[in-house]
Amino acid sequence: MTLGLTHYLILSAILFSIGLYGVLSKRNAVIILMCIELMLNAVNITLVAFSRYVVPMLLTGQVFAIFVIVVAAAEVAVGLAIILAIYRGFEDIDVTKINLLKW
Amino acid sequence: MGLVISFWILAVVGILAALGVVFLRNVFRAALSLILCFLMVAGLYITLSADFLAAVQILVYVGAISVLIILAIMMTREVQQGSPTNRLQIPAFIVAILFLEVLVLTLINTPWQITSAPPLAPTTAALATKLFGEGGFILPVEIAAVLLLSAILGAIVLAREK
């Protein structure tokens, strides 16, 4: 059997769904951020796979993946800083207890 | 043939590591599992002949982001009681399974425009031409630099002791 585009797409769909489940069901804010990173990685696999199998000479998918990595790095830095700031104020990072903005 | 075998090894280990992120009770072990998953994704980039991206994945994710995450875990260690789930666990599971099913059905039934052209390798010089060359992505590169600077400043301002 040979490797095809579908293999990579299904793999990244599985990774994305695992990340989605984690984001929706976890209470620890750090774990939620980790699951978001998992989802971004799954999307990156999709972009690189499309770049490899659909336009192998253009590399546009890889360029897009680089920008996704840049935004993910910025996001994780700001996200963890927010978590640390919340931890200082609340002494807790359980997202079900952080409900200042809840009406 | 070697490519197929390495793909399956990387895929299975990567999915198991991703499941470990979600299901391990210990937060620190979940972070280590996430790092393993990042490494497997870097290997997958190599099987897709994206050598530069594999190096970037290892440098940025395995090197930098995992260190940040472990730092955050250690700084919030006193309050963590494992990795508990909220009330939405079963609905979230159902939503994730349904989403996966829809995605897989769509992926299988879409006729992709696959070319049989061999991949470009090595990709580093071609990527540099794409990013910095004529008619390339130089404006997004500049914007990315501004975004990174503002993110660093924002992180410092947020995390600083008052």
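This is a predicted model: local features need pLDDT of at least 70, side-chain atom pairs count only at pLDDT 80 or more; totals for chains, interfaces and linings use all residues.
Good morning. Chain B contains six helices and zero strands. Read from the N terminus, its elements follow the order α-α-α-α-α-α. The radius of gyration of chain B is 20 Å, well over the 15 Å that the globule rule gives for 162 residues, so chain B is more spread out than a compact globule. Its C-alpha trace spans about 55 × 40 × 30 Å along the principal axes.

For the complex, the predictor reports an ipTM of 0.91 and a pTM of 0.92. The average pLDDT of chain B is 90, and 98% of the residues score at least 70.

Let me stay with chain B. The chain is divided into domain 1, residues 1-80, and domain 2, residues 123-162. Between the C-alpha centres of these two domains of chain B there is a separation of 23 Å. Of the 162 residues in chain B, 25% are buried. As for the contact pattern, consider the contacts in chain B between residues at least 6 apart in sequence: 55% of them join residues at least 24 apart.

I turn now to the interface. Here 62 residues of chain A are in contact with 75 residues of chain B. On the side of chain A that touches chain B, the elements giving two or more residues are α1 (5-25), α2 (29-53) and α3 (60-90) of chain A. Which of these elements gives the most to that side? It is α3(A), with 20 residues. Sorted by class, this side of chain A has 46 nonpolar, 10 polar and six charged residues.

Is A151(B) buried or exposed? A count of 20 or more other C-beta atoms within 10 Å defines a buried residue. A151(B) is buried because 20 other C-beta atoms lie within 10 Å. Which residues does A151(B) contact, leaving aside its neighbours within four places in sequence? They are A74(A), A77(A) and V78(A), and the element α3 (60-90) of chain A is among those that contribute to the side touching chain B.

Finally, a distance within chain B: A151(B) and T47(B) are 104 residues apart along the chain, and their C-alpha atoms are separated by 32 Å. Thank you for your attention.

How values were computed
Residues are numbered from 1 along each chain as its sequence is written. Chains are lettered from A and ligands numbered from 1 in the order in which they are written. Two residues are in contact if their C-beta atoms, placed from the backbone, lie within 7 Å. Helices (H or I, at least four residues) and strands (E, at least two) are DSSP runs, numbered from the N terminus. Ala, Val, Leu, Ile, Met, Phe, Trp, Tyr, Cys and Pro count as nonpolar, Asp, Glu, Lys and Arg as charged, and the others, Gly among them, as polar. Domain bounds come from an automatic or database domain assignment. pLDDT is the predictor's confidence in each residue, from 0 to 100. A residue is buried if 20 or more other C-beta atoms lie within 10 Å of its own, exposed if 12 or fewer, and partly exposed in between; C-beta atoms are placed from the backbone. The radius of gyration is taken over C-alpha atoms; the globule rule is 2.2 Å times the number of residues to the power 0.38.
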